[in-house]
Amino acid sequence: MQSKKTVKPLKKRAITFITFIIILFSAKLCAQNDTIFFDKDWKISSKDVALYYRIKPLKIKTKDAVGYKIKDVNSLFVIHDYYLKNNAIQFQGYSEDYDGEDLVGVAKWYDENSNEVYTNDFYRKENNNKKYRILELPIVYIDYKIATKSQFIGGLEFCLDCKNDNKLFLGAGYGITSYNGIYYGLPDLHLSYNAPYFLFIKGGVSDKHAYGLAGFTILNAVDLGFGYSQQFNKNELPIIKGFTFGITFRFTNNKKVYTKLKMM
């Protein structure tokens, strides 16, 4: 029969062991709750389908984060995103909101090998509640189309949504064409939607005609499309109508414009 002296140490050991298990389980549960998983479209998802994850954002003082004070903003969230497959850093920056949508100060994006691919300074003027964001670098484009006549166009594009894999380009430029030995100027305004899987659709207009194209894009650097052009006034020169072939070249230092070729 066990003595009372023997039973007491056993109870203490049991209580210590149970306490250790509870602490270990609680720590694991907290670690899971502190991790936010995202799918390929940066929507919150389960770990099973996630490509990225974020450690629960913590707050620090605004001046400690960006080096200057901002009126009515005493603290910012520290945002760190990672690639799930290798735990490499994908993004780091500061945000006024918990979801990381309202960025402030220097933000950096990285590829899967931890190489920095893009930096932007979402600057806020001190003691001013208005946001001063540096615009995305413009894209220089060169365009050639042929319908009834050849058209050479050049101008600038702006990437309206470069954070996602799907890109939306708004462009404005000017070109020339000739008809019966006379040269005509052609303003160009267009919108191009480029999907991540080598496809694009584009619609545009000049003061003479409207056009639509669809086809293949090579990493958003070169677009090859086929479509149709419609003349506004049948009797006004130059006449640009009918089936149309087009090719567009993009040049920019903004690396987020181009789709990255992913190796299997």
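Predicted model: local features only at pLDDT ≥ 70, side-chain atom pairs only at ≥ 80, totals over all residues.
Strand β11, covering residues 182-194, and strand β12, covering residues 199-205, run antiparallel and are joined by six bridges. Strands here are DSSP runs of E at least two residues long, and helices are runs of H or I with at least four residues, numbered from the N terminus. Two strands count as paired if DSSP finds at least two bridges between them.

Residues are numbered from 1 along each chain as its sequence is written, and side-chain values use heavy atoms, with hydrogens and water left out.

Now zoom out: eight strands close into a barrel, with antiparallel pairing, in the order β8-β9-β10-β11-β12-β13-β14-β15. From one strand to the next, the twist averages 25°, with axes fitted as lines to C-alpha atoms (for helices, over the stretch in contact) and angles running from 0 to 180 degrees between N-to-C directions.

Most residues other than glycine have a negative phi, and most peptide bonds are trans. Asn180, in the loop between β10 (167-179) and β11, has a positive phi of about 55° without being a glycine. Asn180 is exposed, at 63% relative accessibility; exposed means over 50% relative accessible area, buried under 20%, and partly exposed in between (1.4 Å probe, protein chains only).

Asp72 sits in the loop between α2 (62-66) and β4 (75-83). Its phi is positive too, about 70°, and Asp72 is exposed at 64%. Finally, the peptide bond from Leu237 to Pro238 is cis, with omega near 0°, and Pro238 is in the loop between β14 (222-231) and β15 (242-251).
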